[in-house]
Amino acid sequence: MSASLPHPDYEVVIGLEVHTQLRTASKLFSPAPVRYGVPPNHAVHPVCLALPGVLPVLNRRAVELAIRAALATHCKVHPHSVFARKNYFYPDLPKGYQISQYEEPLATEGWLDVPMPDGGEEAVKRVRLHRIHMEEDAGKSIHDPAVVGSDATHVDLNRAGVPLLEIVSEPDLRSPAEAAAYLRTLRSVLRYVEVSDADMERGNFRCDANVSLRPHGSQTLGTRTELKNLNSFRFVEAAIEAEILRQAEVLATGGTVHQATMAFDPASGRTRVLRSKENADDYRYFPDPDLVPLVISQQAIDAVTATLPELAEARRARFERDFGLAERDARILTESRALADFFEAVAGELSAARSAANWILRDVLRALKDRELEIEDSRLAPEALARLIGLVEQGVTTARAARELVPELVADGGDPATLIRERGLESVSDAGLLEGAVDEVVREHASDVEAYRAGESKVVNFLMGKVMQKTRGKADPAAVRALLLRRLDGDAES
Amino acid sequence: MATGSGPLGTLPELRSALDSGETRSVALVEQSLDRAARVGGALGAFTRLRGEEARAEAEAADARRRAGRSLSPLDGIPVAIKDNLVRRGEVTSCASRILEGYVSPYSAGVIERLDAAGAISIGSTNMDEFAMGSSSEHSIYGPVRNPWDPARTPGGSSGGSAAAVAAGIVPVAIGSDTGGSIRQPASFCGVVGLKPTYGRVSRWGLVAYASSLDQVGAFGRSAADVATVLEVIAGHDARDSTSLPEPPPRCAEALDGDVSGLVVGIPREYFVEQGVSPEVVQSVRAAIEELEAAGAKTREVSLPTSEFAVAAYYLVATAEASSNLARYDGVRYGYRARNVNGLADLYQRSRSEGFGDEVKLRIVLGTYVLSAGYYEAYYRKAQQVRTLVRRDFERAFSACDVIATPTAPELPFRLGERAEDPLRMYLGDVYTVSANLAGLPGVSLPCGSADGMPIGLQLLAPPLEEAKLLRVADAYQRRTDHHRARPPEPA
C-alpha cells in the first residue's frame, strides 16, 4: 500500500458515521439489562424479543446521556424529535424494524476541535457535526460452524435493543490520518462526559466512513462510497487509504466511481463492493406510532448542562494558564477526565503543579502503559503520589529511588513513606557517611582525579556515578555533586 | 332468571343474583361454558374455552364473596376476550396460522386488570385474522355467524365477542377497535359496543394491527354495562407510551338519565341518500328524535373531511400493519415453513403459508404506501387528512356535546357476499374510521331493526368524554327497549 497521501491528483473528502454505545443499565426501549459475557439470549425481555403485544418505552437515562453528548460536541439539541422505524428483514432484528431517528433527529449542527496529525498545516481543525441521533442496536448472528455446527445460523439477542448514539460528521476530513484524529478526539469527548465507554475493541464504538475524491480546487463533491464496520483505529486508516487508492485508480483510468457500500478486507488490504446503489434497501422509514415525539425542555437541557464536567478543551486551556503547562503536556493530561482529575488532585497537594505534571507524564503514564491500565484502574491514589513527590523534594529519598517505586504503587497501591522505610530507600544525607564514600572514590580513582584536575571536567560524572554506586542510589545527587566538587577543586588549591 | 344452558342474564341481573345468594359464580361459569360450547360452537364465536381455569377462578370468586371481599362489580362474572390479547401461559392466535402454538410469557394490561377485578374469562373469541376485516370471516377457525341470522355476518373484526354477548353466552366481552371493529359488530349483533378514547386503555399485550388506531374496548347489553367494564380496564399503564395519564372515568354518577340541555350534533355529510340504506337512516333519525324528547337539543354540524377518511384510514392502517406484522418471520416463534432453502425462502414461505389472504393484501398495500417515491403521495397525505379530520371534530364539538350518526351504512350482509369485493367491504367503515383517526371515544347502541336484523346508532364525543357519551347512550336506553331485544334461541 502506498503512503503517498495526500493524493497528488485528487482532494480526499471523508465524512464519518460513528455508532457509540450509551452507558446505561438497561436497553433503549426494553427493561432488559445491558450485560456482556452472559450466555446467549440471557439479557433479554419480551420487548427485545419482539413478542406479540409488546410496546417500547424510551429509556430516560439514555436521553440524558444523548443530550450530554450533544452538548459536549456543541450541537443544537432540538426541543422536538421523533423516533422512526427503519424496516428491513434480518434474523437478528426481531421486530423487522430498527427504532431510530430519521427526519427529526435529537441534535444537529455541532463541531469538534481536532488536533491534527503532525505535518499538517493547521495544529487544530474544526470538524463540523451534521447530526446526532439515538437508535437501538441489532442482535448478533453467529454463522461460525465451530460454534453452531453445520451451516446453521444462531441468533443472540443480548445486544438487540442496546442504546446507541449515531454521530455523523460533515465531510470535513481530508486524509485517513485526519479521520483517525477525529475519531480519537470524539472518543475522548464521549468518555470525558461519561456518555460511553467508546471502546472499539469491545464493539461499542463503531465507524462507517463515506469517502469520495475530487480534483484539487473543485467545489463539488465526487460520488462517494460507504465503508462499513471499521472496528479498529488501524482499520479505519488502512481501509480509507485502500478505498482512496481504489477510487483514484478508477478515475485515473477514465472510469466512474459508483455509489456503493464497501467492505474492507484486512487480509488483502483491499476494499470490495458489498452492495451497489441499485440493490440498496428501501427502509420505508416512518414515525413509530408506538412512541410519542421526544420533547426536551430548556429546563431539561439546563439540568444536564449543570451536571456536565468542564470539557477537555476548556480544561486544557486552564491547565496552560493556571499551571504554566506546555500545550502538549496539558493536552495529554486532559485526554481523559480521570487523568485530568488525578493530576489536579496531585497538584492540589503540592506547591508546584509543574512537578505533579512531570511525575505523571514521565513515570505514572509509563507504568500504566506497561501494565495496560487506565488511571482509574490504578491503585495509586493522588495523595500517595503527592506524598512521594514531597518526600523527594524534602530530600527524604532520591528521585531515582522514588521513580522505582511508581510501578509498584500503580499496581498495588500503598504508602510511599512506609515503602521507603521498609526498603531502606532513605537518601543518605548523613554528611559523615557521604564524605567517607567520596573519600573512598577519590582514593580508588586517583588517575581520574588527575584527569579532572587537568581540565577533563566530564570526569566528574563518572566519579559521581561511583559515589552513587557506593551509597546504592540513596544519596541525594545534588549533595554528592557539591561534596565531590568541593573535594576535587578544594584539594587542588591546597 | 334463566339457568341450565339458557342465555345468561344481563350484568346487573347476574350481580344481584350473586349478591342475594340466589346463584354462585361457579354456576354462572358452568352455564356460560356450556352455552359457549353449544350455542357459541354453532356460531363459531370462540377459538378456545378456558373450562378448567375458569371453574377454578369461579371457586375463588365465590370464596371471596362468602368472605365479604368481592373485588369489583365484575367479580365472579363470566366474560369473553378477543383472541388478540395475550395471557401468560396460554395460547393467543389472532385467528392466524402464523401464531400456531404461540404461548405468551406475559399478560396484557387489560387482562391483568380484569383478573384483578375478579372477572372470569371463559375463553377467547374468534375474529378476523389480526383484526383485519369487517366480517369475522377471515379466520383460520372459520367464520363467526350472526346470532340473529346464522347466514349473515356478525360484523368484525371483534365478531366473536359481539356474537357471544348477543347470544347470551356472557354478559360483557372485550374487543378491540382499529376502524370500527367493536362498534360495527355491536351494531350488527344488536348489542352495545364502546371504543374508548385512544390511550384510555392500555395496549400492552394487545397484538398490534395499526398502533396509532388500535384501542381496546367493551361489549355489553347496555351503556351501563360497558361503563362498568370501562372503569375496570381504563387507566394509565407505563408500559404503553401512548397511554394517557388520566385515571379511569367515573361513569356511575354520570349515568343519571338527564340529557336536558345537551346538544347532539348531526353531521350533514352523514345523512345523504347515497351509500346508506333508508332503513338505517330512518332508525337513526328516530333515535335522535327520542333524545330530543328526553330534553337534548340537536344541531347540524359539518365534518367536511369525512369523504377522505376511509382512504386515509386504509393508508395509515395498512402502512402500520406492514411494519407491525414484520416480526412474524418464522424465526423465533409461531409458524415456520418446513424444508426451506435459505433465509429468503424461510421468510417467504413461512409468511405466505402463515398469513391469510386479507392480511397479505394489507401488508402488500402498506409496504407500497411506505415505499420510496410513494411515501409523500400516500402516507404523508393520509397523515395530513388525519389532521384535518381531527380539526373537523374540534370545530364540530365546539358547537355540540356528542355527535350522532349511523354505525354502519347497511344491514349485516350475507357470509361470503363481500369476499370478492374488499373495496365495498372497506366502504362499510365510512362512519366508524373517523373516530379512530381522531382518537375519539365512540359507542354503538341498538336503535331498531329491519328485516329481522339490528340497526346501530353511533354516538361520538370529544377525547376523554366517555362519561358524557355513555350518559347520552344510557338516557336513550332508559326510554327505549331496543337493547332488550334478543335473537331467536337456536333450535
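**Close-up views of chain A**

**View 1. Contact between domain 1 and domain 2 of chain A**. Seven residues of domain 1 of chain A are in contact with seven residues of domain 2 of chain A, where contact requires C-beta atoms, placed from the backbone, within 7 Å. On the domain 1 side that touches domain 2, E6 and H4 of chain A each supply at least two residues. H4(A) gives the largest share of that side, four residues. By class, that side has four nonpolar, one polar and two charged residues (nonpolar: Ala, Val, Leu, Ile, Met, Phe, Trp, Tyr, Cys and Pro; charged: Asp, Glu, Lys and Arg; polar: the others, Gly among them). This is a predicted model: local features need pLDDT of at least 70 and side-chain atom pairs pLDDT 80 or more, while totals for chains, interfaces and linings use all residues. Residues are numbered from 1 along each chain as its sequence is written, with chains lettered from A and ligands numbered from 1 in the order in which they are written.

**View 2. The open sheet of chain A**. Nine strands with mixed pairing follow the order E2-E6-E7-E10-E1-E11-E12-E13-E14 (helices, H or I, at least four residues, and strands, E, at least two, are DSSP runs numbered from the N terminus; strands pair if DSSP finds at least two bridges between them). Strand E2 (76-77) and strand E14 (270-276) of chain A are the edge strands, each pairing on one side only.

**View 3. Strands E11 and E12 of chain A**. Strand E11 (residues 205-215) and strand E12 (residues 225-230) run antiparallel and are joined by four bridges. A:Asn210 stands opposite A:Glu226 in E12(A).

Notes: Contact = placed C-beta atoms within 7 Å.
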